[in-house]
Amino acid sequence: MTAVNLQDDVALSSLARGLVGSEILKIAGEIRTLVERGRDICNLTVGDFAPKEFRIPYKLNDLIADALAAGETNYPPSDGVKELRQAVVRFYENALGLTYPIESTLIAGGARPVIFAAYAAVVDPGDRVIYPTPSWNNNHYTYLVGGKAVELVVGPETNFLPTAELLRPLVRDARLLCINSPLNPTGTVMSRDEVERIARLVVDENSRRRARDERPLFLLWDQIYWMLTFGESRHYAPAQLVPESTQYTILVDGISKAFAATGLRVGWSIAPPPITSRMRDILGHVGAWAPRPEQVAVAKFLGMAPEIESFHEHMIRELQLRLDLLYDGFESMRSEGLPVRAIAPQGAIYLSAQFQLAGRSNEEIRKLLLDEAGFAVVPFQAFGSKKEDGWFRLSAGAVSPADIEAGLRRVRETLLKVAR
Ligand SMILES: Cc1ncc(COP(=O)(O)O)c(C=O)c1O
């Protein structure tokens, strides 16, 4: 009997054949192998935390242990345990002044499942999906649902953020507009005015459509990093500034980044109830629920404002310390005439830096920094960018200040060699 050839792509569905895996995880895997072989590397690649640098809140840790001990180990309800859905509603009421019915909430195993469910719930094959590049994974989700990608290429002049003015010509036939702020990969934060203008744009476009009985435009608003802003930067959600936008918005959030809890897998969405219930049904077939003990624990933890505040005081200070070290390091190299610049950190766990080495592709620059300086970064290509313009994401959650200082010294020596 001849064996079926599973090596060959013909064995796969066309969806599986066409899918591009995570470029970030590929680079991260390469770095892990080098570290295992003993290389000293300042690893700024994964959008994650090293528990040695950033622990989850101790209180949350204890609450999870309590929930396990109490036998909270069976299936959770498919839209999430009621206490957590209620806690999310209360949390937004207190923190953002927003009021949502509990039916608008959906709990899942991190933000990824609710993002996928949002795409699957509103985008038909061929529907237009607008997103800025660089941005995180919208290209992959659009592919998965067969949407037609409408990429808005943004650059440093807008801090890599989309603006209402740039989006206005694109919204007319679109089904979904995807926005993330604070932004992965750039660490920049959308201004209050721009959030308001974009929310208004979505409402106006939908008023036009309602008059013609056309299907609505939805806003996928991913605010997974919203609790992590620095200095003067503040996060605003569209519903705070343009309440009518709520009926068109699918808001995505969770504990992964805000509480350094990427491995706990608790995320949620807030959307109009009829959308939420379909998203719940889509995810129900995948079983992408958040683990029950974590849900029970997070429900309690979200109500503990003083614990959350003191956790964030520490976390934000530590993140800002690392991002400022990187930013100041590059600025000082720039003032020496070396070909590098960065955007001052505003939020999330990232810094954008540009290595202006003319004649070298981003992949060549990445390799140079890795091989010569043990400095591991991710090019904006991993976020859908097609430009070979030397921009990279540096993620600060898995490194110590000492790792950064040593890495920067090696980068300086490398740039001195290649740029002079
Ligand atoms: C912008 C953005 N949204 C969502 C996610 C996914 O979060 P989770 O780990 O909760 O699935 C990430 C993770 O990197 C992200 O950067």
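In the predicted model, an N or O atom in the side chain of Tyr225 is placed 2.7 Å from an oxygen atom of the ligand, a polar contact being a pair of N or O atoms within 3.5 Å (within protein, one must be able to donate a hydrogen and the other to accept it, and residues adjacent in sequence count only if both atoms are side-chain atoms). The ligand taken alone exposes 390 Å², of which the protein buries 97%, where accessible areas come from the Shrake-Rupley method with a 1.4 Å probe and, for residues, only the protein chains shown count as cover. The model is a predicted one, in which local features need pLDDT of at least 70 and side-chain atom pairs count only at pLDDT 80 or more, whereas totals for chains, interfaces and linings use all residues. Residues are numbered from 1 along each chain as its sequence is written, and side-chain values use heavy atoms, with hydrogens and water left out.

The ligand is surrounded by 13 residues, of which the closest are Ala111, Asn184, Asp222, Tyr225 and Ser256; a residue is counted here if one of its heavy atoms lies within 4 Å of the molecule. This shell consists of five nonpolar, four polar and four charged residues, with Ala, Val, Leu, Ile, Met, Phe, Trp, Tyr, Cys and Pro taken as nonpolar, Asp, Glu, Lys and Arg as charged, and the others, Gly among them, as polar. Helix 5 (residues 111-122) supplies the largest share of the shell, namely three residues, and helices (H or I, at least four residues) and strands (E, at least two) are DSSP runs numbered from the N terminus.

Salt bridges number 24 in the structure, each defined as a side-chain nitrogen of Lys or Arg within 4 Å of a carboxyl oxygen of Asp or Glu. In one of them, Lys367 pairs with Glu30, with the closest N and O atoms 3.0 Å apart, and this pair links distant parts of the chain, since Lys367 belongs to helix 13 (residues 362-373) and Glu30 to helix 2 (residues 23-36), 337 residues apart. Both partners are partly exposed, Lys367 at a relative accessible area of 33% and Glu30 at 25%, on a scale where buried means under 20%, exposed over 50% and partly exposed in between (1.4 Å probe, protein chains only).

A further salt bridge joins the side chains of Arg215 and Asp127 at 3.9 Å, N to O. Arg215 lies in the loop between helix 8 (192-211) and strand 6 (218-222) and Asp127 in the loop between helix 5 and strand 3 (128-133), so this pair ties together parts that are 88 residues apart in sequence. Arg215 is partly exposed at 40% relative accessibility, whereas Asp127 is buried at 12%. Within helix 13, Arg366 forms a salt bridge with Glu363, the closest N and O atoms being 3.0 Å apart, and the two residues are separated by about one helical turn because they are three residues apart. Arg366 is buried at 4% relative accessibility, while Glu363 is partly exposed at 37%. A network of salt bridges links Asp79, Arg85, Arg278, Arg280 and Asp281.

Four strands form an open sheet in the order 9-10-13-12, with antiparallel pairing, two strands being paired if DSSP finds at least two bridges between them. Strand 9 (340-342) and strand 12 (378-379) stand at the edges with a single partner strand each, so one side of each is left without a neighbour in the sheet. Strand 9 is joined to strand 10 (residues 350-355) by three bridges in antiparallel orientation, and Val340 has Phe355 in strand 10 as its bridge partner.

Most residues other than glycine have a negative phi, and most peptide bonds are trans. The peptide bond from Thr133 to Pro134 is cis, with omega near 5°, and Pro134 lies in the loop between strand 3 and helix 6 (138-144). Asn137, found in the loop between strand 3 and helix 6, has a positive phi of about 65° although it is not a glycine, and Asn137 is buried at a relative accessible area of 13%. Phe160, in the loop between strand 4 (148-153) and helix 7 (164-167), likewise has a positive phi of about 65° and is buried at 2% relative accessibility.
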